[in-house]
Amino acid sequence: HNFRLERDEYVPEVASYARLWVHKKTGTELLSLSNVDENKTFGIVFRTPPSDSTGVPHILEHSVLCGSRKYPVKEPFVELIKASLNTFLNAFTYPDKTCYPVASCNEKDFYNLVDVYLDAVLHPNLTPDTLRQEGHHIEAESVEGPKSFKGVVYNEMKGAYSDADRVLAELSQRTLFPDVTYGVESGGHPRDIPDLTWEQFKGFHDRFYHPSNARMWFYGDDAEEKRLAKANEFLEEFQKRDVADSRVGLQPKWTEPRSHTFEYDAGSGGNLDKKFMATVNWMLPEVDATSPEDLLALTVLNHMMLATSASPLRKALIDSGLGEDLVGGGVEMDLRQMAFSIGLKGMDKEGPEKMKSLLRQELEKYAEEGFSQSLIDASLNTIEFRLR
């Protein structure tokens, strides 16, 4: 089926035979996990690094599921939700990639889902009307009446930007990685979404939604031969392409810390003097350059410090009385370069500087004294249980 086997091994942790295949014509990598699990899953993911905050990867994620060459209905995604036997059906936009996973316990239904999704991402019926519906358009109740921007993604991101915690998280990432794709908003900023043109929208799909820029996976008890046949059915009409322009660059390290201050809508109720929010953020090494042992160690360390009410860093920040609750998600491993972000909300004006001092003090103490064995064991047990 035009695939070349690159790697073959048994993975006892997931009781699966794992085979990495490469499509000869396109270079698409396909990871096949064969086991006895009846809940079959498939996914295809594209590297989609945006260069601005118009939200083009997010709008495309919505748009490709609005009809395709083989399934020219208005909303096949909605039809699948209503009529299929899926156990999972969704799509996700990340800061640097877009992912389309499906799952079903019924094999016929499963391969129907795979067929619809592959046709959707590789042969979508994109039109200017699609962009207007999913991205942005202008509405007015009358010719002379007030005009406003509307659109599925535009409205979604307006809602997202009304959440102060979410805005702070986005700003933390953007200021930590200002020189690479993580320095823009992949979901789209309401201020910038109306700037997206049809040519940019269509060009983004042509550039990044190509099999050479994709990776696929299958998992479950279906026959591997059938997986390769289905994938090749869609891949064989494409030729290999150079996709170097989709690679995410590395943010250079700074020579000294930087500080940024932004304003946000804190509302009109309550004591506005206690509405300050802040995070302290560290750029960590590249994921691919970090050993699996060190990645696990970071996961355990993050859990120990922040995951429970008894975690020492969480407890130190909350008990300090500087703020009302934590913000920041700790260690972030979904990007090419990892990051660590933590802070407080509900502070007064002097709170952020005091919080920075407390954080430095606590982290230096952990580096010098370490953690109790009971805390280490508890975190290891929790993480091991989650991985089962």
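**Aromatic close-ups**

**View 1. Lys 226 has its charged end over the ring of Tyr 111, 4.7 Å from the ring centre.** "Over" here means NZ of Lys or CZ of Arg within 6 Å of the ring centre and within 35 degrees of the ring normal. This is a predicted model, so local features need pLDDT of at least 70 and side-chain atom pairs count only at 80 or more, while totals for chains, interfaces and linings use all residues. Residues are numbered from 1 along each chain as its sequence is written, and side-chain values use heavy atoms, with hydrogens and water left out.

View 2. The structure holds 15 aromatic pairs (ring centres of Phe, Tyr or the six-membered ring of Trp within 6.5 Å; planes under 30 degrees apart are stacked, over 60 edge-to-face, the rest tilted). Tyr 111 and Phe 218 are a stacked pair, at 6.4 Å centre to centre and 25 degrees between planes. Tyr 111 sits in helix H3 (residues 107–122) and Phe 218 in strand S10 (residues 214–220), so this pair ties together parts 107 residues apart in sequence. Helices (H or I, at least four residues) and strands (E, at least two) are DSSP runs, numbered from the N terminus. Tyr 111 and Phe 218 are both buried.

**View 3. Trp 282 and Phe 340 make a tilted pair, because their planes are at 45 degrees, with centres 5.8 Å apart.** Trp 282 belongs to strand S11 (residues 276–286) and Phe 340 to strand S13 (residues 337–347), so parts 58 residues apart in sequence are tied together. Trp 282 is partly exposed at 33% relative accessible area, whereas Phe 340, at 7%, is buried. Buried is under 20%, exposed over 50%, partly exposed in between (1.4 Å probe, protein chains only).

**View 4. Arg 258 holds its charged end over the ring of Trp 254, 4.1 Å from the centre.**
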